[in-house]
Amino acid sequence: MNYIILVGIALFLFATAMRDGAMGWHFDGGSMNFRISTGDYTLGVRGEGQIDLAVDGSGVAALDEGGSLDVRMTRGRTERRVRFQGVNGAVEQQFFVGGDEQPWGPDADAFVTEVMPVVLRETAISAEQRVAWLIENRGHEGLLDDISLINSDFAQRVYTVQFATTATIADADFQRLMGLAADRMGSDFDLRTTLTEVHDLEMPTGDQFVALLAAGKSLGSDFDARTLLEHVGPRMPSTPEAAAAYFGLAGTIGSDFDIRLALQPLVTKADGSDDLVAGAIAMAGTEIGSDFDLRALLTEAAPRVGASDTLARAYTTAARGIGSDFDLREALTALGDGANLTPAGWRLLLESARSIGSDFDCATLLVAVAPRLPRDADILAAYRETVAKIGSDLDRDRANAALVEIAL
């Protein structure tokens with residue numbers, strides 16, 4: 001027997017949102033009270049006990065003793081109501097129009113046929129069985145048609161995730177499913193949760209991955225957009241198209257903190273291409289305004305730079321966007337300590353150090369990196385050029401003293 005409410009509904013229904021009109025849920029033990037109002041109709045559903053709905057939308061298959069399901073729908077000025085009650089192992093039915101009970105007949109049957117598919121869609125009761133029935137009887141297109149009629153963000157999430165759980169979704173159907181999520185889900189929480197769960201179930205690649213992140217652009221919350229990217233980043237496909245989709249969604253984030261966390265999976269991605277990592281570092285340099293957040297991200301990226309001159313250039317270019325002498329010093333120190341820089345990489349670091357306005361911070365950086373410098377004449381010359389821009393005799397002497405110890 002299907003329970004009146006799916007596992008998890010009681011935890012999340014208070015957060016369910018509607019695109020148009022209003023919606024409300026109340027769940028207390030074995031009781032349910034649901035209401036939805038759209039531009040077309042108002043629907044109210046009350047239930048007690050355990051209910052087995054007919055997944056073809058034909059009514060109620062079974063109720064436990066004393067259980068009930070009461071459904072009211074108002075269109076225009078006419079309210080119609082059907083009540084099902086479990087009595088002695090059978091399901092008794094009553095039909096009302098405008099508050100007056102009517103004999104059960106063709107009008108009652110027609111109302112049940114009209115309203116029960118709506119009840120199934122909007123409440124997500126028996127969603128697992130309903131999705132399986134729709135796929136078997138109407139195919140994936142029929143299921144998508146049904147999803148396109150759902151007004152509840154929560155119910156759309158349940159149906160969408162159940163679709164991904166039940167089937168491997170073809171490209172065209174996946175594109176439509178993601179389009180429905182983007183266009184019809186108003187709740188950032190439900191949309192983000194839908195996309196992350198569908199990602200894990202389908203592990204999309206190619207156009208499907210692009211479509212999933214394109215749907216994420218409908219997220220208004222920086223937190224939810226960032227959380228989605230954090231989730232998919234470590235396992236994203238290594239293609240230019242996937243990278244472009246990722247950066248496209250990251251570009252919608254306004255918070256420095258959130259964009260830093262969104263880019264973190266890419267700048268530390270061991271199996272990502274240098275072009276992907278460099279793109280993430282470059283985006284950080286242009287999009288993150290906070291010196292602290294940019295420095296923190298670069299510090300995390302330093303070990304990934306390794307011996308790549310491409311990444312060393314991206315790193316030092318981004319670092320020049322840091323206005324704080326302290327934070328710039330820390331970012332460059334992290335690069336010297338964490339990467340395995342080539343001579344070209346060391347020259348880039350030393351050239352970037354000349355952007356530090358504080359004599360103390362510049363000298364402190366040079367003293368820190370001096371023991372790691374290769375014994376290369378060009379690098380030592382670059383070091384001396386950086387020392388020469390220090391105005392303070394004390395700090396210049398500190399930097400020169402560190403150089404003497406490694407000089408040829």
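This is a predicted model: local features need pLDDT of at least 70, side-chain atom pairs count only at pLDDT 80 or more; totals for chains, interfaces and linings use all residues.
A pair of aromatic rings is described by the distance of the centres and the angle of the planes. A search of the whole structure finds three aromatic pairs. One of them joins Phe95 and Trp104. The two ring centres lie 6.3 Å apart, and the planes make an angle of 75 degrees. This pair is edge-to-face. Phe95 is buried, because its relative accessibility is 4% and the cut-off for buried is under 20%. Trp104 has a relative accessibility of 30%, so it counts as partly exposed. Phe95 and Trp104 also belong to one aromatic cluster with Phe111.

Tyr246 is buried, with a relative accessible area of 0%. A charge over a ring is found at Phe96. Here Arg81 lies over the ring face, at 4.4 Å from the ring centre.

Two packed helices are described by the angle between their axes and the distance between the axes. Helix α16 spans residues 359–369, and helix α17 spans residues 377–388. Their axes come within 10 Å and cross at roughly 160 degrees. Angles over 145 degrees count as roughly antiparallel, and α16 and α17 are therefore roughly antiparallel to each other. Their crossing is left-handed. On the α16 side, the residues in contact are Cys362, Leu366 and Val367. They meet Tyr383, Thr386 and Val387 of α17.

Definitions and conventions. Residues are numbered from 1 along each chain as its sequence is written. Side-chain values use heavy atoms; hydrogens and water are left out. Rings of Phe, Tyr and Trp (its six-membered ring) pair if their centres lie within 6.5 Å; planes under 30 degrees apart count as stacked, over 60 as edge-to-face and the rest as tilted. Buried means under 20% relative accessible area, exposed over 50%, partly exposed in between (1.4 Å probe, protein chains only). A charge sits over a ring if NZ of Lys or CZ of Arg is within 6 Å of the ring centre and within 35 degrees of the ring normal. Axes are lines fitted to C-alpha atoms, for helices over the stretch in contact, and angles run from 0 to 180 degrees between N-to-C directions. Helices (H or I, at least four residues) and strands (E, at least two) are DSSP runs, numbered from the N terminus. Angles under 35 degrees count as roughly parallel, over 145 as roughly antiparallel, 65 to 115 as roughly perpendicular and the rest as oblique. A crossing is left-handed if the near helix is turned anticlockwise from the far one by less than a right angle, and right-handed if clockwise. Contact means heavy atoms within 4.5 Å.
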